[in-house]
Amino acid sequence: MAADRIELRDLRVMGRCGVLPEEEVRAQPLQVDLDVELDLSAAGASDDLDDTVDYGALCALVEGTIASRHVALLEHLAAVIAERVLEDERIEAVTVALRKLRPPVPHQLATSGVRITRVRAAAPGGTTGFARPSGSAGAAGATGA
């Protein structure tokens with residue numbers, strides 16, 4: 001994996017996510033952090049946007065992914081975002097942290113969320129696929145409710 005990383009924090013997007021009936025129809029505020037791992041040495045030398053990943057394009061991709069559908073689980077939505085980010089072949093790995101800012105539970109809970117990491121893996125025949133990092137259990141931390 002590359003030692004270089006683009007970090008995007010606190011992107012806020014309205015999305016429909018959850019298993020409760022009202023969560024299927026009413027958008028709620030979600031917060032996203034992305035850690036995108038890729039080689040940034042060319043961009044560091046050239047100062048050219050074409051040698052890196054456009055931060056605004058990443059934000060638009062995340063926003064569009066969240067806004068385009070209702071999903072039951074934060075885990076699923078985070079995985080879909082990770083897959084879409086990894087469609088850029090320059091990106092070697094991505095960590096997606098996704099939180100509900102108003103979780104619909106009757107408890108004193110500030111946020112609920114998941115953090116997943118997906119790594120580009122070379123597959124037989126030279127094609128690429130996606131994998132969880134070794135030793136990872138994948139999504140962790142919270143449920144999609």
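Reader: Which residue in β4 is the bridge partner of V36?

Author: The bridge partner of V36 in β4 is V94. The model is predicted, with local features needing pLDDT of at least 70 and side-chain atom pairs counting only at pLDDT 80 or more, while totals for chains, interfaces and linings use all residues. Residues are numbered from 1 along each chain as its sequence is written, and side-chain values use heavy atoms, with hydrogens and water left out.

Reader: How do you know that β2 and strand β4 pair?

Author: Two strands pair if DSSP finds at least two bridges between them. Between β2 and β4 (residues 93–100) there are 8 bridges, in the antiparallel sense. Another bridge partner in β4 is R99, which stands across from Q31. Strand β1 (residues 5–17) is also joined to β2, by 9 bridges, and these two run antiparallel. There, M14 is opposite P29 of β2.

Reader: What are strands and helices here, and how many of each does the protein have?

Author: Both are DSSP runs numbered from the N terminus: helices are H or I with at least four residues, and strands are E with at least two. The protein has 4 helices and 6 strands. Read from the N terminus, their order is β-α-β-α-α-β-α-β-β-β.

Reader: Why is strand β2 described as largely enclosed by the rest of the structure?

Author: Buried means under 20% relative accessible area, exposed means over 50%, and partly exposed lies in between (1.4 Å probe, protein chains only). In β2 (residues 28–37), 10 of the 10 residues are buried, so the strand is largely enclosed by the rest of the structure. Q28, L30, V32, L34 and V36 point one way, P29, Q31, D33, D35 and E37 point the other way, and all are buried.

Reader: What makes β4 largely enclosed?

Author: The reason is that 8 of the 8 residues of β4 are buried. Both faces are covered, with A93, T95, A97 and R99 buried on one side and V94, V96, L98 and K100 buried on the other. Over the protein, buried residues make up 39% of the 145 residues.

Reader: Is T52 buried or exposed?

Author: T52 has a relative accessible area of 15%, and it therefore counts as buried. T52 is placed in the loop between α2 (41–46) and α3. Leaving aside residues up to four places away in sequence, T52 touches I6, L40, A43 and R90, where contact means heavy atoms within 4.5 Å.

Reader: Why does H76 count as partly exposed?

Author: The relative accessibility of H76 is 43%, so this residue counts as partly exposed. H76 lies in helix α4. H76 and V114 are 38 residues apart in sequence and 9.8 Å apart in space, C-alpha to C-alpha.

Reader: Which residues meet where α3 and α4 are in contact?

Author: From α3, L58, L61, V62, T65 and I66 meet L77, V80, I81, R84 and V85 of α4.
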